[in-house]
Amino acid sequence: MQTKELRLALVCYGGVSLAVYMHGLTKEVWKLSRASMRRHSPPDLPPARDSEIVYHALLDSLPGLDLRVMCDIVAGASAGGINGVLLSRALVEGHDLDAIRSLWLDGADSDVLLDKAAASRPLSKLWAIPLVWWVRRRGLEDEDKAEVAAHGEVKRKLSRFMRSRWFKPPFSGAAFSGLLADAFAAMEKGERTPPLVPRLHPFDLFVTVTDYHGAPQRLRLNTPEEVTEPEHRLVIGFTCPGDGAERHMGPTPDLVFAARATASFPGAFPPARISEIDDLLKGRGEDWPGRQAFIDRVLPGRLQPESVDLIDGAVLDNRPFGPALAALGKRPAHREVDRRFVYLDPKPGMHDDGAVTGQPPGFFGTILRSLADIPRQQPIRDSLGQIEAISTRSRRLRHIVIGMMPQVDIAIDAAIGMRLLLFSPSLDRLATWRSRMNSEAAKATGFAYGAYGRLKFAMVTERLAERLAALGGQEVGAVRASLWRHLNAAGTNKPEGALGKAGAGSPYVLFLRNFDVDFRIRRLRFLIRRVNMELAGADEATAAILGKIKAGLYAILAPHLMCWPGHLPAAGNAIADPASALAAMATALDLKGLDGRSDAELVALLASGLPRRLRRDLVAAYLGFPFFDIAILPLIADGNIDELDEIKVDRISPEDCSALTAVGGHRLKGALFNAFGAFFSRAYREHDYLWGRLHGAERLIDLVVSSLPAKARPDAATLGEIRRAAFRAIVTAERAYLVDIPDTIAALDAALAE
């Protein structure tokens, strides 16, 4: 059976009270990830529930394909940031998202969030009563008449909200932080499963925040030589390395602060401060052991970090594709990967009634939209352009590779000849042929080899500097400078030495043999792609053999991706003694031993019953890789991802879901009152939460199906029944909790009974 990974990088937009809808969406991502995890975990896990059962059955039914679904990157802003933080803790540590249903249905209420000290007496603002009625009328005039019962609650809570003190945030930051802390506690007490992200796979979480005052940044210019400007953009990141250790997203106070800060909507909540978390923990009798380390990481160089004011991340970056894209470079590929960027947009597009009626914007409308709405609603054209540029480069590189193949085959035939076709590769033959083709590539490419060699040397040295600096806790620039001085003094940076009589023993070649992990990774991935090309036209028997070879190649690749040490005492002295640090790193990497094991496994794979001609083509791809690397590396050196792989982008929003159009759900209640609507009614929250789950199920089933080969995809009728099974499971599971929307539940029951 072919194995493939569907990897999701989730980008969660802001949306104020639409956070409730987004919780429904992210819960389905969690359910799908749990279903995938269960298929390769011990059977003694807590029982699967509702849509998870449907996802499990769908993955089990895929013909000839073991599809594993994993979300390994999450980036969010504002309401999306809160959901991203909670989802990440559940994915990485196996916590229970079902346990926080009450956070959204009960806790996301204006009366709960309202700062009690901010409320005023009923008649203290008679002058504001007309404004209250205006807001009510604007918010409720288009509402479904079947939900008139909810209007009384909305009017009461909206009145209290409008009568709270003015010119100060009506909602309590302390209450908000308390709710978040309660949510994490509930998740920990809930049902526990193994992590949904494997231990050997990294996970990254990013939330955007806006630094109100800004951190001073020094910029180097020609004249004047230096200027200082404030930087207001801030990204709070959490990384869980794929080092095999127990999965841990981060200390709970760190995560609470990140969620609180990213969703500090200006004017509604006070800015977030470190001191607010200090007070929360003090009141609960809890400690924050990693407090100083967190401050040093998130707010470096601040003289008074406790006084830093952080506001909503959506002010400057509501659609944080950038951090998610930057994380792709750290992603190992243990098997074939279908990489998706999935962005959750609860309120797509800009809906401005004035644009339809032709009326010019009013005074307050212009101010509010220019300060809040328009910056948050800018299209993601730039981000999509960046992703499309990666995919375009991937297609261009494949074109180059395919065009070079005949010339490389000629060079291989000239150097090795019929022996490549007649003899199976052995350990000795493989080593001899590889050495010969490395020399042929260096000679055949002339001046290009010198440029390539220096580029590769610089990339390896840069990687070493980063690793040694991280392991030794030293400044990377100083480590880099020390390494370059040492290596230049030793004459290591001379790729021409590889062309001499003592080429194999030259300082340059020995340096690459000891440290060039990335070349080995690129070569194995290149060979895997060649297997994929052969699979396209193979018969069933040959495809089965190629599938085993591809799985074996990913097994060979895995230790290369994880070979960098996590602890190296000599790294702490890399600046003063780079020679000792390099020697210790070479010992820790042990690439000679890894090469020996890899060669043995590769020889065994190529002797596993392949037709002779096909075996020859795969061996030629492996041996000829230096030719391709010399041509391609200069084109991808400025990127940090495996740029022969394309990235696809998918959106999940109410507008993208059509399976239950007749029942409704496209008009979210949280979108009322400039996206504050769900704070004023439990019925509104129940409505949005349920539809978030239903929409999430529909779109995630579509994503799974779209990752299949066209001939393996279910027909429209079968796909419709899979969706309906998921919808029925969700409605059945939530029925007991959603007590204020009986009409919606009844309508769904009727539609799904057909």
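The side chains of Arg693 and Asp50 are joined by a polar contact of 2.6 Å. By polar contact I mean a pair of N or O atoms within 3.5 Å; within protein, one must be able to donate a hydrogen and the other to accept it, and residues adjacent in sequence count only if both atoms are side-chain atoms. The side chain of Arg693 also makes a polar contact with that of Glu734, at 2.7 Å.

Before I go on, this is a predicted model, where local features need pLDDT of at least 70 and side-chain atom pairs count only at pLDDT 80 or more, while totals for chains, interfaces and linings use all residues. Residues are numbered from 1 along each chain as its sequence is written, and side-chain values use heavy atoms, with hydrogens and water left out.

Back to Arg693, which sits in helix α28, residues 682-706. Helices (H or I, at least four residues) and strands (E, at least two) are DSSP runs, numbered from the N terminus. Is Arg693 buried or exposed? Arg693 counts as buried, because its relative accessibility is 0%; the cut-offs are under 20% relative accessible area for buried, over 50% for exposed, and partly exposed in between, with a 1.4 Å probe and protein chains only. Leaving out residues up to four places away in sequence, Arg693 touches several others, among them Gly24, Lys27, Ser51 and Ile730. Contact here means heavy atoms within 4.5 Å.

Next, strand β1, residues 2-12. Of its 11 residues, 9 are buried, so β1 is largely enclosed by the rest of the structure. Which strands pair with β1? Parallel to β1 runs β2, residues 65-77, joined to it by 11 bridges; two strands pair if DSSP finds at least two bridges between them. Arg7 has Met70 as its bridge partner in β2. Strand β6, residues 336-344, is also parallel to β1, with 9 bridges, and there Val11 is partnered by Tyr343.

An antiparallel case is β3 (residues 203-220) with β4 (residues 226-240), joined by 14 bridges. A hairpin of 5 residues connects β3 to β4, and Val207 has Ile236 as its bridge partner in β4.

Last, helix α8, residues 173-189. At its start, a side-chain oxygen of Ser172 comes to within 3.4 Å of the backbone nitrogen of Ala174. The buried residues of α8 include Phe176, Leu180 and Phe184. An α-helix has 3.6 residues a turn, so residues three or four places apart point the same way. The buried residues of α8 pack against α3, α4, α5, α9 and α10.
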